[in-house]
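Hi everyone, thanks for making the time. Have a look at what's on the screen, and I'll talk you through a few parts of it.

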Amino acid sequence: MSEPTILKVERLTKTYLTAAGPLTVLHEVSFDLAAGASLAVVGPSGSGKTTLLGLCAGLDRATSGTVTLAGELLNGLDEDGRARVRNQHVGFVFQNFQLIPTLTALENVLVPIELRSGGGASSDEYEKESRELLRRVGLGERCDHYPVQLSGGEQQRVALARAFINRPKILFCDEPTGNLDGDTAQVMVELIFGLNQERGTTLVLVTHDLELAQRCGRIIRFRNGAIISDGAGARVA
Amino acid sequence: MSFVLKMAWRDSRASRRRLLLLSLSVVFGIGALIAIGSVSANLRRAIDGQANSLLGADLVITGTIPTSPEWQQSLAVLGGEVARERIFPAQVAAGGVARRVQMRALEGNFPFYGEFIAAPADAPARLRQGGNVIILSDALLEQLHVRLGDTVKVGNGQEDFTVIGQMKAFPGELAGFTVHPPLAFIPFSALSTKVGSAANRVNVRLPAGSDSEAIVKGLKAEFSDDRLVFATAEERRKNMANALTGFDAFFRLVGFVALFLGAIGVASVVHVYVRQKITTVAILRCLGASARQTFAIYLLQGLALGLFGSVVGAGIGLAAQWLLPRMLQDLIPFQIDFFISWPAVASGMISGLVICLLFTLLPLLAVRRVPPLAAFRSALAERAGAAFDPWRVVIAILIPAAVAGFAIWQTKNVKFGIGYAITLGVGFGILTATAQLVSWAAQRWFPRRLPYVVRQGVANLYRPNNRTVLLLLSIGLGAFLMIALYLARTELLRQIQGPEGGATPNLIFARIDEDQMEPLAKIAAAQGAPIVQQTAFVRMNLVSVNGNPPGRWWRLPNGKPRDLTASYRDHLLQGETVREGKFVPRAEPGAAVVPIALSASLPRPRVIDPNKPMGREDSASILHVGDILDWDVQGIPMRTRITAVLGATGRFQLGTERFDVLFPDGAINGAPKFYLAGAHAATAAIALNVQQAVFAAFPRIQVVDVSVIVEAITRIFGKIGFVIGFMASFIVATGVIMLVSAVLTGRFQRIRETVLLRTLGASHRQLIQIQMVEYAILGILASLVGAILAVGGNALLAHFVFKIPPSAPPLLLLGATASVTAVTLVTGWFANRGVTDHPPLVVLRQET
């Protein structure tokens, strides 16, 4: 029996109005993604990968087409509605880590949970879980450190712990190893896939790194805002 | 704790120092408002409680006091206590020294309220017992060289009075601040028939619960034919309360300027703060925070800081409230008890919070528009909040509305309130436009051949994240307000002292006969006090107006014709204005009709129907430019035509002669005349010597030593000026905080760039020089624009309010410009310390 669809993208188009006229960066893109699957979106810079990720995660509005995420049609939701969907179902890992500089590692991890509960969450329980996640990514001793006191790899691991704290149905990663050295990147990749499998999360990975992409079950290749190939990881070379 | 509260607290951790600046920006403004409001409340309570001690009685009736049995009966019916009094100018002499005094002959237990304090303490009681005894003011005892027990001669009758006391305090009189000649007190019963033994004042203590206003109304109706002036403690209380309202509103508006300036600082700090928080906001949005939640986080921070600023401001305000009455003690004729006026504290804090909130909202609105995608794309973060936002328009309208509303609330004058908001807006607009012009000019005429540090400094004026608008606004507005306040104070003092400065007459000689003028001038000059002003007067009678005899208006109440005083000159004095027609300076020899100018001091009668009483309802003026007036100039007929009406100058200058009609030079120069002359004595000793010499030679010439009055007025204005300066210090303090805030804000904006330059090998000296070039340009420009605005504002004030030619002392302006520039440079240098003398990575870690 096949897994239910967690992400459904239909005829998705994004056009920006520029001084030189309309600029379409995404042309009628359509695909489905089953729950628990892992998808890599690859392509050269400017091909529309990040735009696609933004639209899929409800971070932006499409010019036309629809995105259905975890059974919710994002087009029909206002900004706050999409924020709720993100908080309930989505985790993010950014290329440049994007931790909140004024919060400690532990507090950064707690943000999605606190947002969900309006701050009234049973702090002991969630704090315990956050500490466990930080320990899982190897930062059990660095809970009270601020981002500025952590290395790039450590910051990205905090971001990963934050992405998993609210048990997301889908994890969007934008070049998660783009700012990391080889060894650190390798550790990070193992963590992403390890947690992904462990928690049954769907993974959408935007990357230039074909080696990384091949670890996913499915790869969509992008060029000039359109899908040029969609297949299993091993088939994309 | 809610997420918003928790996040607001956590997020503020790294920025508390910067956010503290935000708080400090408004503390002095709020402090000023609370100080003024509380002092005003203290004064109001003091006025309410002590109004009767200002008069010394509940009811004071002044004028030609009737002696009829009806009058006595009416006073008796009041049921209170009555004390007669006579106040008259008199001459007191001892040992060949004579001084003109204000004599008060007291009867009964007056003053009923307040204290008549003298040394020895029983002197007022001895005075009440009667006899030829006198109590003199401190100044008189010193000037006449007399002691207790000595004898002085009073009036032309030269009656002997024994000095029994030295006056220390009398209700309504301020030690050292009287603007009339020195005071002397004698018993009412000691009045001689030569002076006149009739009272010209009656003081009444009314039974408790009496309605003084109703009593006055009754007396006015009963004795309407008598020219009586009634003053009640209640009326005095109302007048003082009204005066206080004006005083209070003026200082509150000054305080509000400090708040406004601080609020601009708040807006600038919040603007930079929000720019730095865009990524955090975008991350929070990605993680599921709603726009409302993220906006609430920063709004809460702003409100908390505004509240903190209000509390600190309230503390500063209450401290100032404690100080202000001590500074004003000599000016206030009653005891002020310190109490905290909570309504004033609340109103100051609320005003501060509202203004702080509005100015915080303006840059904060951008937070609502931060797209979550900005976490991925830095270009989106740069553009966040740039799109049109209707709420920004609403806030932009609410800010001037709040400013105008505050001014209207304080002054109860809609026009003034709107004008106040427009003035602030114009100053703001001019400085913003100047800043943009400077940015544009720096780019347009970039000094490519100058050294690197200069080029960098100039480039800082227009590059992204430049502080040109912010610094020009903060320094410029601060400089404008401070210089404007200083110039206004200078104008006030000039108005009092006269434009002649040191040559202002301070000894006025009156009733000088024609043949006495020359010897008087010689005596005065010999004593070292030359005559600096001398005016001849001619008395004359009006015979006809356009061929008709003048009507009833021309006659005094006793039926006698009015005696007019004329003078002649070929020029107008400084400050005199021609309201209608044209002033003709010289008379043509042998002309049949002489052109004359009516002075504003001549009441222009407005009655055409002789059967109707004079009143405001009769508005037809009888005298116009072009009318022919026939005069009897001491027996010689003269025909004249009104060619001009001289407007009231509104200017108060001691020793300026008053005349009714001004003739051109050459028309009445030969007529019998008398003189009024003014001499300038450089010291009190010279003034005393001149008075003695003139008294010895011409006992009938009246001498008024106005130096005491000039000194008293100067002292009063000095005190007021000091208080204005004290209030201005709130603006200065806010200006300095704004400057530090602007520099520090710039430091946060520029930190990466400075570190990069440092990394590329820029020396500490070079980095400092780059910053100093930028601050020097901004400091000079801002202070210059501020000074120009202040001179403009002051010119309007001088022209429309003080009616004197405006002044703009170049040295003062140069000094102010140099000081403001120096303060800018020093502040800039201090605020940037640490960035240039620490390793780049350490700085980056600390500052980001």
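H11(B) passes H12(B) in a right-handed crossing; a crossing is called right-handed if the near helix is turned clockwise from the far one by less than a right angle, and left-handed if anticlockwise. Helices here are DSSP runs of H or I with at least four residues, strands are runs of E with at least two, and both are numbered from the N terminus. Before I go on, this is a predicted model, where local features need pLDDT of at least 70, side-chain atom pairs count only at pLDDT 80 or more, and totals for chains, interfaces and linings use all residues. Residues are numbered from 1 along each chain as its sequence is written, while chains are lettered from A and ligands numbered from 1 in the order in which they are written.

Back to that helix pair. H11(B) covers residues 390-411 and H12(B) covers 414-444, and they pack at an angle of about 140 degrees with their axes 7 Å apart. Axes are lines fitted to C-alpha atoms, for helices over the stretch in contact, and angles run from 0 to 180 degrees between N-to-C directions. That angle makes H11(B) oblique to H12(B), because under 35 degrees counts as roughly parallel, over 145 as roughly antiparallel, 65 to 115 as roughly perpendicular, and the rest as oblique.

Who is touching whom? On the H11(B) side, the residues include Pro400(B), Val403(B) and Ala404(B), and on the H12(B) side they include Phe416(B), Ile418(B) and Leu424(B). Contact means that the C-beta atoms, placed from the backbone, lie within 7 Å. The residues of this contact split into eleven nonpolar, three polar and no charged. For those classes, Ala, Val, Leu, Ile, Met, Phe, Trp, Tyr, Cys and Pro are nonpolar, Asp, Glu, Lys and Arg are charged, and the others, Gly among them, are polar.

Another pair in chain B is H15(B), residues 517-526, with H16(B), residues 684-697: about 150 degrees, axes 9 Å apart. H15(B) and H16(B) are therefore roughly antiparallel to each other. Their crossing is right-handed. Here Pro519(B), Leu520(B), Ile523(B) and Ala524(B) meet Val690(B), Ala693(B), Val694(B) and Ala697(B).

Staying in chain B, look at S11(B), residues 507-513. S11(B) pairs antiparallel with S19(B), residues 674-679, over five bridges, and four bridges join S11(B) to S20(B), residues 702-705, also antiparallel. Two strands pair if DSSP finds at least two bridges between them. What are the bridge partners of Leu507(B)? In S19(B) the partner is Ala679(B), and in S20(B) it is Asp705(B).

One joins Phe110(B) and Pro111(B), with omega about 0 degrees, and Pro111(B) sits in the loop between S3 (97-106) and S4 (117-119) of chain B. Another runs from Ala119(B) to Pro120(B), with omega near 0 degrees; Pro120(B) is in the loop between S4 and H4 (123-128) of chain B.

Over to chain A. One open sheet has four strands in the order S2-S1-S4-S5, with antiparallel pairing. Its edge strands are S2 (21-34) and S5 (72-73), each pairing on one side only. Helix H1 (49-56) of chain A packs on that sheet, touching S1 (5-18), S2 and S4, and its direction makes about 120 degrees with that of S1(A).

Chain A also has an open sheet of six strands, S6-S7-S8-S3-S9-S10, with mixed pairing. S6 (90-93) and S10 (226-232) stand at the edges with a single partner strand each, so one side of each has no neighbour in the sheet. The twist averages 15 degrees from one strand to the next. S3(A), residues 38-42, and S8(A), residues 202-207, pair in the parallel sense over five bridges, and Leu39(A) has Val204(A) as its bridge partner in S8(A).

How do the chains meet? The contact takes 27 residues from chain A and 26 from chain B. On the chain A side, H1, H2 (79-89) and H3 (105-117) each supply at least two residues.

Last, confidence. Chain A averages a pLDDT of 86, with 95% of the residues scoring at least 70; pLDDT is the predictor's confidence in each residue, from 0 to 100.

Definitions and conventions
Two residues are in contact if their C-beta atoms, placed from the backbone, lie within 7 Å.
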